[in-house]
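Have the structure open while you read.

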Number of protein chains: 4
Amino acid sequence: MGFPMASNLLRKTESPFVVYDTHAPTTLKFTQLAKELKLSKNVSVAATPRDVAAECDVIVTMLPAGPHVRSVYLDEKNGLLAGINGRVNVLLIDSSTIDVATSRHVAEIAGQAGAVMLDAPVSGGTLGAEAGTLTFMVGSPTIETFTLAKDTLFVHMGKNIVHCGTVGNGQVAKICNNMMLGISMIAAAETMNLGVRLGMDPKLLAGIINTSSGRSWSTDTYNPCPGVLPNVPASRDYTGGFGTSLMAKDLSLAVSAAHESKSTVTLGAVAHQIYNQVSTQKEYKIKDFSSIYKWLNDNSEK
Amino acid sequence: MGFPMASNLLRKTESPFVVYDTHAPTTLKFTQLAKELKLSKNVSVAATPRDVAAECDVIVTMLPAGPHVRSVYLDEKNGLLAGINGRVNVLLIDSSTIDVATSRHVAEIAGQAGAVMLDAPVSGGTLGAEAGTLTFMVGSPTIETFTLAKDTLFVHMGKNIVHCGTVGNGQVAKICNNMMLGISMIAAAETMNLGVRLGMDPKLLAGIINTSSGRSWSTDTYNPCPGVLPNVPASRDYTGGFGTSLMAKDLSLAVSAAHESKSTVTLGAVAHQIYNQVSTQKEYKIKDFSSIYKWLNDNSEK
Amino acid sequence: MGFPMASNLLRKTESPFVVYDTHAPTTLKFTQLAKELKLSKNVSVAATPRDVAAECDVIVTMLPAGPHVRSVYLDEKNGLLAGINGRVNVLLIDSSTIDVATSRHVAEIAGQAGAVMLDAPVSGGTLGAEAGTLTFMVGSPTIETFTLAKDTLFVHMGKNIVHCGTVGNGQVAKICNNMMLGISMIAAAETMNLGVRLGMDPKLLAGIINTSSGRSWSTDTYNPCPGVLPNVPASRDYTGGFGTSLMAKDLSLAVSAAHESKSTVTLGAVAHQIYNQVSTQKEYKIKDFSSIYKWLNDNSEK
Amino acid sequence: MGFPMASNLLRKTESPFVVYDTHAPTTLKFTQLAKELKLSKNVSVAATPRDVAAECDVIVTMLPAGPHVRSVYLDEKNGLLAGINGRVNVLLIDSSTIDVATSRHVAEIAGQAGAVMLDAPVSGGTLGAEAGTLTFMVGSPTIETFTLAKDTLFVHMGKNIVHCGTVGNGQVAKICNNMMLGISMIAAAETMNLGVRLGMDPKLLAGIINTSSGRSWSTDTYNPCPGVLPNVPASRDYTGGFGTSLMAKDLSLAVSAAHESKSTVTLGAVAHQIYNQVSTQKEYKIKDFSSIYKWLNDNSEK
């Protein structure tokens, strides 16, 4: 995800660039892209996050999980805060999807060190990252910082930029939306499967639900039953789209956040287990999350 | 439900009326209404379903559950088919919400006896019945019979009349829509509760979800979190609306139909248990089904 | 099930026999068995349940589901009660596993007709039926009737004969035990799978659980993890034993009875869906219900 | 928990003692206890974990959660490893119940620093800690270290000392047992409640299950239905015992470990949500976990 996002920023902004990745070929590929584009600005590769922070006043990170964020920002030797070294008002933006508690914890320490940190997880996948059409869900301590980050950074990488309140709320918005989505998709799969087995035409059933109180994005825009909608994963054997294991990851974050906030999410927890089980099966691990419909039917008596 | 539906038919059609109810005051109230309206047509009360069928060629039934439908239609001594007694093309319309298997079984026997039977369960509640704005989900063997029933009967009692395919499909459409709805509402309650406890403003959260992939009727039209939307049960302490025990009943039908058709409805089954538990509690049994939000929060640590 | 049960009664009692089955080869096979055994008593085949009842004062039935019981006992033309025709004190014993409501309803009507009806569902499978080691869970209006039926009938077919209270309680005991069992087995499968994936030796883990508070029949007597116990289905690729679809059927009865009695059975309902899903898959439909362990692991990443 | 465990060690061993707790009154109380006992050995209070480790070659820790263990052992300034400072063969025993990943991670770092670390979570509660009857589930790299720790330490604090394999396996054994227990208890509550509502005597029902395949510790030793067994929490309004929030915590650890090991624990996840919901309600947060039975019944229609 980081590469296409950075590529869009590279193309659309004036500032010089310092990049870092643990995987050297990725940064090499990035400097080659910069050369091909014949940009006048300087693009360099840093040896550590600390070196990035020593040179930059605006930093965007994209990492797999909470422990990576903790380490990249807080490592006493090589972390970003070590590189900032007391400079004030450095703007830190973490676009990783991670647990709320870590997001808020790291932002608090960054704040104590004089920096300003925002969480800005995205949705839209690698396709959206390449096209510059990502949705950013942004937690920011002030509306001014949000607006600044939006105008100078997010608009070059995304299309829908939403202020969700204070730091950590970007994560909250993302896991809440995705928990709602993950449950609704299984519900849509169970419902369409039940109706079809009871003898209804799937398009007719979807039409009735979509004009009634069962309507949801999972039934009217991304219906999991093959043939109901064109141009959705269900109609191309569940290829493309949002993988079952990504949904399992987001639901895991939701279930953990629920435990910490003493919230009950029974359906969220069952949905998590279902995506978890499906995503460990060879046939489904690379399929879109709407393939739950197929899983409910596969090998089963008709 | 039967009374306001019949009242609308009484007012808006020309035909004479024969009514039957096991509860005598209801039929008395109906004949008094007819008098007050000073209608020229004849309105009489029959002693049994058989007596209704002996006199009428179009019959509408509204009953609580499958066994009642079975008995009212099939009882050898007092049932409707006994009253039809071989007359052909009598039109039978059952608007009860019952199990699909019974609906199809009774229709088949009625067909063998020369009658034509449709299932036409409704949604919209007693308010919709009184206002004549019910939705009818109609299973009919032919489109002609559907059109005939729609034009002569359903339009006088409802607003949205949907042909769902063959007999029994009205029931299928209703339980499918309501299963999708029942799951989505709990999902919406869990999601809003989680977000609020993690520090988000509920209106902001609902706004983000409603413009994203978590969108559903349960979030954008009937949000269960108080204060998000005006004029929904959540904003008047969950009074009015669709009761928790009605949702428990519909989900019970869905779970039974799933068992019979070898369909897996894991979330449907969990949702059923949740509404079941809530609907047996004094405080919630008369509340709208969106009160799940309150149940998740009540007495709980904040 | 009926054939081996009847065979044991045939061998071990003195009385003449009248048998009935909708499947003629079964009754033919039975009369041939009687011939081979060179029994002096008379064994005849009746044309209908009514004809059985016209000749016998003690009748045992074994049927697949509630509607069959209803029809065999209550059919006005060919049913057992029609054959009893007012004779008093005929003893009717239904060993079917069916829903509690039907069991009690039919027994009540039989009582009004002057007969005495007991419900006596069994556990132990066809192997137990052949070996005469079934467990009978008996609902009987009086202890005297229970003792009579036990001494003259049940002891010839079973080993463990339990009085569960009044009529219908045999069914209650069976679905309660099997719901507890069905949930415990999935719990055992999830637990053993989790422990093994986290690096524990399965025998060691089972040993710890079995001497601690997690102990259950599903862990200490019928452990679902291959290799933990000899001589259980798990150690012979889940062949033999109690099939996934039988467990799905019993859990369906439990969930329905819960709905009717306003009881909440959330884990029971989830377990039902899991067995339901597994039992519709070609590979698992003929396997023992402990194959849930395999299903959790199959095709999955190690 | 730490206080009564340390008190038993104090009484029963010869070695001098260094204690540390963030809560000063606890260590004060401990030194006073030592004075009252008129022990000849030296008992001192350290200012930090580091100071404990500077003086001791055998160290036992008891902490609430993973982050505390990480901090107490690994903090560069005040942690235990800093105090060991390269001395070899110091024996570290962590009796906290924490996540498997942290347990193994900290042990690995301790090993790299020359120390030997065991995980040894306990069950038995504060009563067991006081009576010296705890169960220790011990993960140890070698059987020799296990035996050493058992003979010199665990026998003074506990009764049942189990070697579960390598480091981290103590945690695995504990969460596996408690997940099995937590699910079984809800299953027992649902089953007993269903049976009672369907008309069975609870003692009779428990007796049948306990001699059949539904048998478990939750039905035969700790039955959640009041009146079935004497001397269990269910028979004293669910006071004493193992609290709902402790079970919620252990199930949270199990669900997290399942996610990390790609194991599916659907029933475990539902059970987690149920204990979570119950434990946030004022009436239940201080009750034994078998109070699920009461929760299923409370305020409900009979």
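The lining of the largest cavity gets at least two residues each from H9, H13 and helix H14 (292–297) of chain A, and from helix H13 (266–279) and helix H14 (292–297) of chain C. Helices here are DSSP runs (H or I, at least four residues), numbered from the N terminus. This is a predicted model, where local features need pLDDT of at least 70 and side-chain atom pairs count only at pLDDT 80 or more, while totals for chains, interfaces and linings use all residues. Residues are numbered from 1 along each chain, chains are lettered from A in the order written, and side-chain values use heavy atoms, without hydrogens and water.

A cavity is a set of points on a 1 Å grid over the protein atoms alone where a 1.4 Å probe fits but cannot get out; lining residues have an atom within 4 Å of a point. Here are the two:

| Cavity | Volume | Lining by class |
|---|---|---|
| Largest | about 130 Å³ | 8 nonpolar, 8 polar, 1 charged residues |

Among the residues lining the second largest cavity are A:Thr266, B:Trp295 and D:Gln277.

Now for chains A and B. Together they bury about 4,900 Å², 66% of it on carbon and sulfur atoms; buried area is the accessible area (1.4 Å probe) that two parts lose on being put together, summed over both. On the chain A side, A:Met180, A:Leu198 and A:Leu267 lose the most area to chain B. B:Arg215 and A:Asp220 also join their side chains in a salt bridge (3.1 Å, N to O), meaning a Lys or Arg side-chain nitrogen within 4 Å of an Asp or Glu carboxyl oxygen.

Note on methods: 1 Å grid on protein atoms, 1.4 Å probe; cavity = no way out; pocket = protein on both sides within 12 Å on 5 of 7 lines; lining within 4 Å. Points joined across faces, edges and corners; volume = space filled by probe spheres on them. Nonpolar A, V, L, I, M, F, W, Y, C, P; charged D, E, K, R; others polar.
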